[in-house]
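Student: Please go through this structure with me, one question at a time.

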Amino acid sequence: MTSCCSATPRPQNRASDGHDALRSLPVAIIGGGPVGLAAAAHLLERGLEPVILEAGRSVGTAPLAWGHVPMFSPWRYNIDRAAQTLLERHGWTAPDADGFPTGRELAEDYLAPLAALPEIAGRLRLNMRVTGVARQRVSKVRDAGRGEQPFEVRFQADGREGRLLARAVIVATGTWGNPSPAGASGLPAFGEREAADRIRHGMPDVLGAERGRYAGKRVLVVGSGHSAIGTLIDLASLAAQAPGTAVLWAARTADQARAYGGGAADQLPERGALGQRLRHLVTSGAVELLAPFSVDEVRRGADGSLQVMGLEGWAVEVDQMVVATGLRPDLGILAEVRMDLDPALECPRVLAQLIDPNLHSCGTVRPHGAFELQQPDSGLFLAGMASYGRAPTFLLATGHEQVRCIAAFLAGDLEAARRVELELPETGVCSGSRALPGAAGSEAPSPCCAPPVLQVACCGPKPELVKETTCCGAGTNRATAPAEPAE
Ligand SMILES: Cc1cc2nc3c(=O)[nH]c(=O)nc-3n(C[C@H](O)[C@H](O)[C@H](O)COP(=O)(O)OP(=O)(O)OC[C@H]3O[C@@H](n4cnc5c(N)ncnc54)[C@H](O)[C@@H]3O)c2cc1C
């Protein structure tokens, strides 16, 4: 067993000694993706001590896994401000702010140099998978003295278990490693697991490394998000080059307006163009749309091919499937800490109304930070893609603002934590035809994508949703009452 950072109580003045001991511990950041690394840069800027625990052999394992995919947001939105300051101090030159990196370029041209800086490298633990988080010495059930105990972050490294004690924990584990299955209910379709050798999740590199798997084959793509759309577009390109390639698209809903997106109205033109390209491919017949199609069962044919059955009566023969039905956070490591998550989205409860795809599809989520992301176990925060739970609209720029705010909060700079330093590009489309209920005491419903205003009840550190305001408007949703930094 490996251990570090233990707090030793002294006989006199125990309470303040306990506080001091807690404050002397590092902030544990779980996940060395773009948001975890940005969190480290912000904490360092604030004079706080981060330790980054990353399961992979390098930083940026998720963008590397979708390395061939061009990002729809340009560099200007993908680089964190504190990280850039740190990098430039060591002579790094930022890429063209208007250029669009691939996932690989994001990892190799930005995250890898950041991780190599002495300030980060010395605090980065690679090949270290976190297996659990708890409050040291107190079970999840016990209230007494809970907030005075450090967090115990359990990990596995080189086949050995160890613990890191931390004053606070930022969970930036992303969702890439936990894809949703093809089954329409959220459970795997019957036979899906047995057909795993013919099913890929996420975004396979169909025009590059995995071309041989798809060229000349009938391929069914399941899903309607950006990953599904990007794969459909790539497969259509492959079909134009490789005879016999057929591209089929199973979408759960009959109406594809949300998938086709905001087009020219999208403030990220590359994102807007994706949906428009897919619309063109469908109308031209290059992609065969099967909708509504709720995958229920996958049967294996004699030649190994797949018969995919839908609840609506579909039965489609294909050689390969690509399942891009969304991603989920892996909450298993957080079973021993106190969380307050939305039951549907599995994101912090107060964040849910900002990002719930049932209410709106806007990527225009108003900035939010420590107040919304902190969990009932004070000092525990979700950040980055993991903070959105199952909601699909996360943008890196949002994550950078989240961790800037969390670092300010942990440093006790509540004024900076409340300040909003981000303007997000809008999608130009919102699927929300459903108006949200009006503000308390008001008859009028708010416009569809109205985010809620967060207010804090008297003396309470946790923000509560109390009313909705106007559509995607500027302004702050920060809590306004005093809140104590986590101990
Ligand atoms: C295909 C694709 C394209 C995207 N394009 C854009 C875009 O154009 N613009 C944009 O703004 N956003 C985009 N996103 C969304 C988002 O910005 C990325 O998903 C981004 O990688 C999220 O960063 P993150 O740091 O929150 O999580 P991740 O990048 O997923 O990093 C999480 C890290 O945590 C590690 N980890 C997980 N569990 C553990 C554990 N138990 N212990 C230790 N380490 C652990 C993982 O190995 C990983 O390195 C895209 C996402 C996808 C999937």
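Tutor: Buried means under 20% relative accessible area, exposed means over 50%, and partly exposed covers the values in between, with a 1.4 Å probe and protein chains only. This is a predicted model, in which local features need pLDDT of at least 70 and side-chain atom pairs count only at pLDDT 80 or more, while totals for chains, interfaces and linings use all residues. Residues are numbered from 1 along each chain as its sequence is written, and side-chain values use heavy atoms, with hydrogens and water left out.

Student: Is Cys405 buried or exposed?
Tutor: The relative accessible area of Cys405 is 0%. Buried requires a value under 20%, so Cys405 counts as buried.

Student: How many disulfides does a search of the whole structure find?
Tutor: A disulfide is a covalent bond between the sulfur atoms of two cysteines. The criterion here is a pair of cysteine sulfur atoms within 2.5 Å. With the whole structure searched, the number of disulfides is zero.

Student: Which residues come nearest to the ligand?
Tutor: A residue is near a molecule if one of its heavy atoms lies within 4 Å of it. There are 29 residues around the ligand, and those that come nearest are Glu54, Phe72, Ser73, Met385 and Leu396.

Student: Which element supplies the largest share of the shell around the ligand?
Tutor: Helices (H or I, at least four residues) and strands (E, at least two) are DSSP runs, numbered from the N terminus. At least two shell residues come from each of α2 (34-45), α3 (61-65) and β5 (129-135). The largest share, three residues, belongs to α3.

Student: How many residues of the shell are charged?
Tutor: Asp, Glu, Lys and Arg count as charged; Ala, Val, Leu, Ile, Met, Phe, Trp, Tyr, Cys and Pro as nonpolar; and the others, Gly among them, as polar. The shell has 19 nonpolar and eight polar residues, and the charged ones number two.

Student: How far is a polar backbone atom of Leu396 from an oxygen atom of the ligand?
Tutor: A polar contact is a pair of N or O atoms within 3.5 Å; within protein, one must be able to donate a hydrogen and the other to accept it, and residues adjacent in sequence count only if both atoms are side-chain atoms. For Phe72, a polar backbone atom is 2.8 Å from a ligand oxygen. For Leu396, the distance from a polar backbone atom to a ligand oxygen is 2.7 Å.

Student: Why is the pair of Phe293 and Trp314 stacked?
Tutor: Rings of Phe, Tyr and Trp (its six-membered ring) pair if their centres lie within 6.5 Å; planes under 30 degrees apart count as stacked, over 60 as edge-to-face and the rest as tilted. By this rule there are seven aromatic pairs. The ring centres of Phe293 and Trp314 are 5.5 Å apart and the planes lie at 10°, so this pair is stacked.

Student: Is Trp314 buried or partly exposed?
Tutor: Phe293 has 1% relative accessibility and counts as buried. Trp314 has a relative accessible area of 29%, so Trp314 is partly exposed.

Student: What is the backbone oxygen of Ala242 2.8 Å from?
Tutor: Thr245 lies in the loop between α9 (226-241) and β11 (246-250), and counts as buried at 12% relative accessibility. The backbone nitrogen of Gly216 is 2.7 Å from a polar side-chain atom of Thr245. The backbone oxygen of Ala242 is 2.8 Å from a polar atom of the side chain of Thr245.
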